[in-house]
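Subject: Structure for you to look at

Hello,

The structure we talked about is below, followed by notes on what was found in it. Please read the notes with the model open.

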Amino acid sequence: MKTTGYQYQSCFSSYIEMFILEKRASGFIYESEEWKLKNFDAFCIAESVTEPRLDRELVKKWGTLRDGEALVTCSARISVIRQFALFLTALGMEAYIPSRYYKAEKTVVHILSDNEIAAFFEEVDAYTPMVRITSFYRLATEYKVIFRLIYCCGLRISEARKLSWKDVNLKQGTLRLLQSKGHKDRLVYMAGDLTELMRTYKETLYEKHHCMSDWVFPAREVERCLSNGTIDKKFREFWNLTPYAERCDKTPTVHCLRHTFVVKRMNLWMEEGVPLKEMLPFLSRYLGHQSPDETFYYYHQVAEAFRIIREKDRTGEFVIPEVDAYE
C-alpha cells in the first residue's frame, strides 16, 4: 500500500498533493487514503480528464460499485473523494460533494471458544519454518507473541504490528498506542504474565536473533514492521491446522481475537456479579472505542451472552409468568 515516490500525473495532481499535506499537517496519518487517491489519479488519466473539475458525472463513475467489490470498500473510496471535494470547495473551486454511501451489513463474528483458543496457540507454538532462513525463525518467534498480545489486550491488528519499543514500558507493563483509529492516543495495561512474555521476547530478539529493530514486530526486512497481509495469512494457516477449522460455520479472522477478548472479559464480569454498566466505560476506553455502545455491539449478538444473562436474571419470570396449560 506504500505510495512513497509516486508522482501524481492527472490534472488533479497538484491539488491531491496539497490535500494530503494539509491532512497530515492536521495530524492524520493518511496512508490508506493516499493509496485511494493514487488510484483516483490513475482513474482520471484513464478517463482522459483534462480539467481539474470534480463534477457529478466523474464522482458518480468513480463511486460505482465494481465487480467483486465489497460495499464497505466502495464506501471508503467515496468517503475519500468527498473529503477531497470539500477541500477543493474551500479553495474556491466547484466540486460535486457525494453524500450517499453504501452500507455493508454487519455480520456476527465468530467468538472463539476456550478449546479453539487453546488449539490455535498450540499450532502457533508448534510452528517451525520449512525454509532454513534465519529471519524466518525470528518471525516464528514473533508470531507466538503478536497473536497473544492481540488476544490478551484486545488490540487492533494495526495497533499491534506498528508498536515500537519506545512505546513499550516493561517496568510498568504498559503499551502506549499513538494515532490509533480515530486518531486517538491511549495507554494499555498488560497482565503480569504477558509483560514477562514481552520481556523474554525482547531478550530473545536481541540475544538469539541479533535483531536491533525499533519495531516490536519487525518484518523480514527489520526496518519495516509486519504487514497486515502477513499477519492475516499466518493466522489462517494456524487456524486451518486446528481440528475446529472444518466444522466452523464462520471462518474467524485475526480481528476475532479482539472480539473474543471483549466477550470473555464481559462474561467474566457478569459471572462474578460485577456491574457491567459501571465497567463498560472503562473497557470502552481501554479498547479505544468512541463510546460504550460501540463496545457493547461486540457482545449483544453472541449466543453465550444469553446463557449468562438467563443465569443471572432474577426478574424475568415475574415479568412474563409461566402460562398454565389449557384445560
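Threonine 174 is buried, because its relative accessibility is 4% and buried means under 20% relative accessible area, with over 50% called exposed and anything in between partly exposed (1.4 Å probe, protein chains only). The model is a predicted one, in which local features need pLDDT of at least 70, side-chain atom pairs count only at pLDDT 80 or more, and totals for chains, interfaces and linings use all residues. Residues are numbered from 1 along each chain as its sequence is written, and side-chain values use heavy atoms, with hydrogens and water left out.

Threonine 174 belongs to strand E2 (residues 174-177); strands (E, at least two residues) and helices (H or I, at least four) are DSSP runs, numbered from the N terminus. Its C-alpha atom is 4.5 Å from that of tyrosine 189, which is 15 residues away along the chain. Leaving aside residues up to four places away in sequence, threonine 174 touches Asp167, Val168, Asn169, Leu187, Val188, Tyr189 and Met190, where contact means heavy atoms within 4.5 Å.

Arginine 186 is in strand E3 (residues 186-189). Arginine 186 also counts as buried, since its relative accessibility is 11%. A polar atom of its side chain lies 2.7 Å from the backbone oxygen of tyrosine 286. This is a polar contact, defined as a pair of N or O atoms within 3.5 Å; within protein, one must be able to donate a hydrogen and the other to accept it, and residues adjacent in sequence count only if both atoms are side-chain atoms.

Next, a pair of helices. The axes of H6 (residues 134-153) and H8 (residues 192-207) come within 11 Å and cross at roughly 160 degrees. The two are therefore roughly antiparallel: angles over 145 degrees count as such, under 35 as roughly parallel, 65 to 115 as roughly perpendicular and the rest as oblique. The axes are lines fitted to C-alpha atoms, for helices over the stretch in contact, and angles run from 0 to 180 degrees between N-to-C directions. The crossing of H6 and H8 is left-handed, meaning that the near helix is turned anticlockwise from the far one by less than a right angle (clockwise would be right-handed).

On the H6 side, the contact is made by Arg138, Thr141, Glu142, Val145, Arg148, Leu149, Cys152 and Cys153, and on the H8 side by Leu194, Leu197, Met198, Tyr201, Thr204 and Leu205. Sorted by type, these residues are 9 nonpolar, 2 polar and 3 charged. Here Ala, Val, Leu, Ile, Met, Phe, Trp, Tyr, Cys and Pro count as nonpolar, Asp, Glu, Lys and Arg as charged, and the others, Gly among them, as polar. Threonine 141 of H6 is buried, as its relative accessibility is 18%. Beyond residues up to four places away in sequence, threonine 141 touches Tyr201, Thr204 and His209.

Two loop residues other than glycine have positive phi values. Serine 48, with phi near 55 degrees, sits in the loop between helix H2 (32-46) and helix H3 (56-62) and is exposed at 58% relative accessible area. Histidine 210, with phi of about 55 degrees, is in the loop between H8 and helix H9 (228-240) and is exposed at 62%.

For the chain as a whole, there are 14 helices and 3 strands. Of its 327 residues, 41% count as buried. Among contacts between residues at least 6 apart in sequence, 63% join residues at least 24 apart.

Regards
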